[in-house]
Amino acid sequence: MSDGADFADLRRRMEGAISAFKSDISALRTGRASANVLDPVSVDAYGSKMPLNQVANISVPEPRMITVSVWDKSMVAAVEKAIRESNLGLNPVTDGSTLRIPLPELNEERRKELVKVAHNYAENGRIAIRHVRRDGMDTLKKAEKDGDLSKDESHTQADEVQKLTDEMIAEVDRLLSDKEAEIMQV
């Protein structure tokens with residue numbers, strides 16, 4: 001006999017959507033250097049595509065500089081090529097087996113573009129959370145239809161699912177406004 005919605009599962013799935021959103025916005029480049037900026041970069045290494053962090057050590061020695069220390073000296077050219085072709089707008093400077101990547105100042109237009117991208121990521125996060133809500137509501141409707149839940153209990157649980165959804169969407173909005181402030185900071 002079903003007792004309605006599994007709130008632990010709904011919360012876990014909604015938090016998964018928030019964590020995916022956090023991952024997306026952490027890769028957005030702001031005025032400050034972050035090792036996460038290079039997360040989407042894959043290198044042709046040893047006959048296959050590998051994430052950059054599996055062939056090099058990435059560090060941030062200064063607020064506007066990223067250094068990439070390639071472990072295998074023969075891979076330096078491939079790493080440099082991968083960073084240049086990653087559409088991140090970065091130009092690495094090779095110094096032996098180390099690449100120094102200065103981060104240029106963001107102009108106003110680029111900052112606004114990044115804010116739009118962040119808004120798109122946020123909307124995708126909200127949509128994912130709403131999909132989880134819909135699944136929870138469908139479970140409640142089915143339990144009520146099957147006679148496992150009373151109408152009152154179903155209504156009470158539906159309110160709880162909505163409250164959880166509102167809480168998670170508010171968290172996405174808070175993260176978005178923090179990131180927007182970070183991007184627009186000169």
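Predicted model: local features only at pLDDT ≥ 70, side-chain atom pairs only at ≥ 80, totals over all residues.
Colleague: Fine, so which side chain does Glu 123 meet at 3.5 Å, N to O?

Modeller: That is Arg 130, whose side chain meets Glu 123 in a salt bridge, and Arg 130 counts as partly exposed because its relative accessibility is 31%. Glu 123 also forms a salt bridge with Arg 126, with the closest N and O atoms 2.8 Å apart.

Colleague: And Arg 126, is that one buried or exposed?

Modeller: Arg 126 is buried, at a relative accessible area of 14%, whereas Glu 123 is partly exposed at 31%. The two residues are 3 apart in helix α3, so about one helical turn separates them.

Colleague: How many residues does helix α3 have?

Modeller: Helix α3, residues 108–145, has 38 residues, and from its first C-alpha to its last it reaches 55 Å, close to the 56 Å expected at 1.5 Å a residue. After α3 comes Gly 147, which has a positive phi near 85°.

Colleague: Switching to Glu 167, which residue is its salt-bridge partner?

Modeller: Glu 167 pairs with Arg 11 at 3.3 Å, N to O. Glu 167 lies in helix α4 and Arg 11 in helix α1, so the pair ties together parts that are 156 residues apart in sequence.

Colleague: Last one: which residues form the negative surface patch?

Modeller: The patch is formed by Asp 152, Glu 153, Asp 159 and Glu 160; of these, Glu 153 is found in helix α4 and is partly exposed, with a relative accessible area of 35%.

Notes:
Residues numbered from 1 in each chain as written. Heavy atoms only, no water. Patch = residues over 30% accessible without salt bridge, like charges linked within 9 Å, V, L, I, M, F, W, Y side chains within 5 Å. Areas by Shrake-Rupley, 256 points an atom, 1.4 Å probe, with all protein chains shown as cover. Salt bridge = Lys/Arg side-chain N within 4 Å of Asp/Glu carboxyl O. Lys, Arg positive; Asp, Glu negative; His and termini not counted. Charge placed at Lys NZ, Arg CZ, Asp CG, Glu CD. Helix = DSSP H or I, 4+ residues; strand = E, 2+ residues; numbered from the N terminus. Buried < 20%, exposed > 50% of the residue type's maximum accessible area, 1.4 Å probe, protein only. Expected span 1.5 Å × (residues − 1).
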